[in-house]
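Student: Could we go through this structure together, one question at a time? I would like to see how each answer is reached.

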Amino acid sequence: VRESNFTKLCNTTTLLVVNDSYPGPEIRVHRCDTVFVNVHNQGNYGFTIHWHGVKQPRNPWSDGPEFVTQCPIQPGTNFTYEIVLSDEIGTLWWHAHSDWTRGSVHGAFIILPAKKETYPFPTPDADQTVILESWYDGDYKQIIDDALAAGVSPRQPNAYAINGHVGDTYGCPNDTIFRMQVDSEKIYLLRIINAAMNEHFFFTIANHTLTVVAQDASYVRRFTRDYILISPGQTMDVLVSANRNVGQYYMAIRPFSDSSAAPVDNITTGIFQYTNSEGGLNASLITLPVMTDTDAMINFLDQIRNTNVSQNPGINVPADKDIKTRAFIAIAVNNLPCNTCVLGTRLVASLNNVSFVSPRIDILQAYYNRNMSGVFTEDFPLNPPVFYNFTGDLTNFNTPIEEGTRVIVVNYGEGVEMVLQATQMGAGGSHPIHLHGFSFYWVGTGFGNFNNETDPSTYNLVDPPLINTVHVPGRRWVAIRFFATNPGVWFMHCHLERHSSWGMDTVLIVRNGKTKKTSIRPPPSTMPRCPGT
């Protein structure tokens, strides 16, 4: 991992990348493999790597979030991650999990079926990874460091990219466009990853239909649309048939936003190119929803269902009687006073009025060794300290915010329910919430404020999707359930990177069970040392 130069938008930028490539190298393995990745830091500052969506049973030591499960890999040192796969299948990804370094340090993590295992759909003739990105002319770490020092929102990206290419819509004649070569009448599996920093994306291929077959490394009931919606952190496996007239067709992305802090409404293009095709491209064939189309967002999300196929783990949703921990979490962006900031205040973000503060010694080490005090407290509030009209007009409304490293602690094996409530505090809008160490069941969603008496009756406990990153739409709530069967220290955060940087995070600690096989593995002797220790 080292600095390398890249030229886009007629400008040359130095980025920290893996093996001199943007995006980084793809890792291809089989279901249930164990993978060892030796990360050599030849850059200028410390970082960590996270294996997004890999549950890492009993092995939080290799999960990666900085100061949660490890301290950074310092320049001139290396660390080998042990990535333990279990029932994940399909497309995941890896990325840096320190400040904003993931903007340039990321790549695909493809989990192929085990030997003699088949796909639960027609076997594709080929597959293609499609990584959606935010391109900044600048160092990603410096961008967020400067914004945090000033107390303001970080600047917008200069472009969006597909597999590192910004396409033909930004006006620089030297820019490259991603081309996917296809043969007529063949079926292709697209492995789509949203690696963008702060943007949900609509994605389409002109004049072709898309059949969604998996999300977050779990198969879903197949459904077909002209577009998909994918949030930061999420992955989707999509079948597309090259069954149109031989030619060149645009693939295209544009952001979705239901927030008053909207992204730049740029369309970025790639090309779905039939073999031996000639002729020009027709941009008028691109039919994407407009950026603010909340109906298109809801209509897409409503289609996603689990599927009872043998290649998926058996559906095992905690019933009401299994739930031992219930959390109702209000998601907000707030302000705190700041004498050194540009506006006299600084932007922070919170879950239940707690803005997460990253410690200087990782929480996992402090929890496991039991000999360090003052690193975290086990008192994250399971309900908002103040109830208000979360989804109403909150102009001039304020609610007190505390900063702290406060965690949720649950017992091994118990059923957990979390209701995630979007609020209109700050700019409002959607939040992709990611939980490390687990795939969870997305059992419910609804408009407005959650009603704990009537809304649970609307839950889908029959075929809820099994995912690791849930899209919480603006002015709405979602409910998730899971069994806490993975002992460890697991980060939970918004995957809009500016929100996570501002403190829209917490940590779930799952206590050990009663046996060795239900307890955290001992740490490797090679864990990076924390600064000052």
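Student: Where does UniProt place the feature "domain: Plastocyanin-like"?
Tutor: This is a predicted model, where local features need pLDDT of at least 70, side-chain atom pairs count only at pLDDT 80 or more, and totals for chains, interfaces and linings use all residues. Residues are numbered from 1 along each chain as its sequence is written, and side-chain values use heavy atoms, leaving out hydrogens and water. UniProt positions follow the numbering used here, with shortened feature names, and annotations may be inferred rather than shown by experiment. The unreviewed UniProt entry gives residues 2-114, 128-276 and 380-513.

Student: Is threonine 129 buried or exposed?
Tutor: Buried means under 20% relative accessible area, exposed over 50%, and partly exposed in between, using a 1.4 Å probe and protein chains only. Because its relative accessibility is 8%, threonine 129 counts as buried.

Student: Which side chain does a polar contact of 2.7 Å join to that of threonine 129?
Tutor: A polar contact is a pair of N or O atoms within 3.5 Å; within protein, one must be able to donate a hydrogen and the other to accept it, and residues adjacent in sequence count only if both atoms are side-chain atoms. At 2.7 Å, the partner of threonine 129 is glutamate 26.

Student: How far apart in space are threonine 129 and valine 375?
Tutor: In sequence, 246 residues separate threonine 129 and valine 375. From C-alpha to C-alpha, the distance is 40 Å.

Student: What percentage of residues 128-276 is strand?
Tutor: Strands are DSSP runs of E, at least two residues, and helices are runs of H or I, at least four, numbered from the N terminus. Residues 128-276 are 7% helix, and the strand share is 48%.
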